[in-house]
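Trainee: Could we go through a few residues of this model together, one question at a time?

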Amino acid sequence: MEKPLASKKILIVEDEIVFRSVLTGYLSSLGASIYQAVNGREALGLLDLHSLDLILCDISMPEMGGIEFVECLSIQSITIPVLIISATNKMTDIAQV
């Protein structure tokens, strides 16, 4: 049986290693190829190297957080879907993204 995410390339942008590892393991088990970055700055560098289908991105990270990262994507007209993952309860941050 084919895995549901076979041939999908997903970038996980998350500074918490445990959460990033859990996401990576789960999505890999569904067949996805996973790329990882610890912040938005590192993620921007990976965009030049890989053709991606989806980005999972935290809001709060060192160096470049999710809000700034999504703004950079918008400025560069990058249209890869982004799913924000965060434990924040700040509705203003969520609305901004």
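Mentor: Let us start with contacts: in this predicted model, L56 touches I10, L11, I12, V13, L27, L83 and I85, leaving aside residues up to four places away in sequence.

Trainee: Is L56 buried or exposed?
Mentor: L56 lies in strand β3, and its contacts beyond the sequence neighbourhood include V13, L27 and I85. Because buried means under 20% relative accessible area, the 7% relative accessibility of L56 places this residue in the class called buried.

Trainee: What separates the C-alpha atoms of L56 and L11?
Mentor: L11 is one of the residues that L56 touches, although the two are 45 residues apart along the chain. The separation of the C-alpha atoms of L56 and L11 is 6.2 Å.

Trainee: Which value does phi of E63 take?
Mentor: Most residues other than glycine have a negative phi. E63, which lies in the loop between β3 (54-57) and α3 (66-75), is exposed at 60% relative accessibility. Its backbone angle is positive in a residue other than glycine, with phi of E63 near 70°.

Trainee: Where is S7 placed, and what is its relative accessible area?
Mentor: S7 is not a glycine, yet this residue has a positive phi of about 75°. The place of S7 is in the segment before β1 (9-13). Since exposed means over 50% relative accessible area, S7 counts as exposed, with a relative accessible area of 63%.

Technical notes. Residues are numbered from 1 along each chain as its sequence is written. This is a predicted model: local features need pLDDT of at least 70, side-chain atom pairs count only at pLDDT 80 or more; totals for chains, interfaces and linings use all residues. Side-chain values use heavy atoms; hydrogens and water are left out. Helices (H or I, at least four residues) and strands (E, at least two) are DSSP runs, numbered from the N terminus. Buried means under 20% relative accessible area, exposed over 50%, partly exposed in between (1.4 Å probe, protein chains only). Contact means heavy atoms within 4.5 Å.
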